[in-house]
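Have a look at the fold before reading on.

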Amino acid sequence: MSIASAKVKEFLNSSPRMLIDGEWVSAKSGQTFDTHNPATGEVLASVPLGASEDVDLAVAAARRAFDAGGWVAMRPNTREKIIWRIAELMDEYAADLGELESLDNGKSVGIATVADVRFAAECFRYYAGWPTKLTGTTNNPSMLLADPSQEFHAYTRREPVGVCAQIVPWNFPLLMAAWKIAPALATGNTVVLKPAEQTPLSALMLGEILLEAGVPAGVVNIVTGEGETGAALSSHDDVDKVAFTGSTEVGKLIVEAARGNLKKVSLELGGKSPNIVFADADIAAAVAGTIMGFTFNSGQACESGTRVYVHADIYDEFTSALAAAVGTLKVGPGNDPESAITPLVSQEQLDRVTGYLEAGKADGARVLVGGERVGDSGYYVQATVFVDATPDMSIVREEIFGPVAVAMKFTDEDEVIASANDSDYGLAAGIWTTNLSRAHRVAARLKAGQVWVNTFHAFDAGLPFGGYRQSGWGRELGAESIELYTQIKAVNIAL
């Protein structure tokens, strides 16, 4: 296993530990679990197996830090400087973070460094501007039951929620941590972060950066562990809010766990996004964008455009061009800059994706390109396009979370909108057309939290991200994320 970064080598050899109350600690039980390199299956490091007692300690530290008021009462411009410093340090350590993310997740080093680390830094930079802009309103109440001569001064305050549990997935470990930690810090909350057990390492290196940037002890705590650790955190009675990104199935369990004290919940869940190619589309651009839509991060993205609807007039031309282009994609490890399809994150995910490949074939869909596992070591599959599928097939209806798309034919606008909206999910959608009126018209009718026109996977820290239906509750990024981490207090004073 070749590692270029001296910092990453030192980090992996240091026996990474959890961050609780500003200290790096082992699990109380002393137990650990291994995290693996998906390209080879080799063990990268052993990290603490946090349990409920470790969660209790982390939540208690976050509660003390919140109740002490040092973070929330800090002058807003001082809090801004600390959050901005986090972004600066992430940029400084971008190569190290990118290599570590690639090793632990399997993704391309280039994607990990640019799409993950740099965007994560931009999230902190964006939310660094918010502490000085958290304002309330003044009101002129009628107070119908009061003496008509009585005057009142009424206003609202926007205040932090409190202790926030944040549970992030394995597909974009560092980026999803940034999406959650940055707005939580900007609004004065404290945090207990639980990274995915498959990919815990970049979150722990981020913890080092937070301390170096000057985040006070206890404000951000990081507990590593498996599903039981997340369950203990999401059900904890001293947690005020839980934010989760992951599967819809687990999201529903989070909601159940949060019922005990009715904590606030935000969920960014699964998707099965439609990608619609109209007859007037720029075919070359649409082919390239469609490939990006379903193979980015080896298809391990909740918003992937995996249901590809192509107008009948260009269907044969488009699918032929798509198959030819997909067939040239190189499969290989993340440290090879020519690799377009990198390994899936784990053996479990490999089994899931290959299971769907076999199910699609058994159901009668035809493999236009790909359709097989690659090699017998590492967790690799070919980028795959199915055709001749029917709407009831599992490959059309269920989230596969691999580089697998299904191309289907349509003939008119109303038909394709109905097909696109025929899903339990509603996270994202793509439209390819040169007709501006059609673009606006169709975008308005699609049941999706974000619609991309003549592009895909286009993100900005200032634009909200989230879904309709079973794709989740709430919106991350943008001003909308501030709503997730604050609550409104009304103050009414008789003068």
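## What you're looking at

This is a predicted model, where local features need pLDDT of at least 70, side-chain atom pairs count only at pLDDT 80 or more, and totals for chains, interfaces and linings use all residues. Residues are numbered from 1 along each chain as its sequence is written, and side-chain values use heavy atoms, with hydrogens and water left out.

## Overall build

The chain holds 16 helices and 24 strands, taken as DSSP runs (H or I, at least four residues, for helices; E, at least two, for strands) numbered from the N terminus. Its C-alpha atoms fill a box of roughly 75 × 65 × 40 Å along the principal axes.

Of the 495 residues, 56% are buried, meaning under 20% relative accessible area with a 1.4 Å probe and protein chains only. Look at contacts (heavy atoms within 4.5 Å) between residues at least 6 apart in sequence: 73% of them join residues at least 24 apart.

## The annotated domain

UniProt, in an unreviewed entry, lists residues 24-491 as "domain: Aldehyde dehydrogenase"; such annotations may be inferred rather than shown by experiment. That span is 39% helix and 21% strand, and its end C-alpha atoms sit 41 Å apart.

## Zooming in on α8

Helix α8 covers residues 227-234, and its buried residues are T229, G230, A232, L233 and S234.

How values were computed
Buried means under 20% relative accessible area, exposed over 50%, partly exposed in between (1.4 Å probe, protein chains only).
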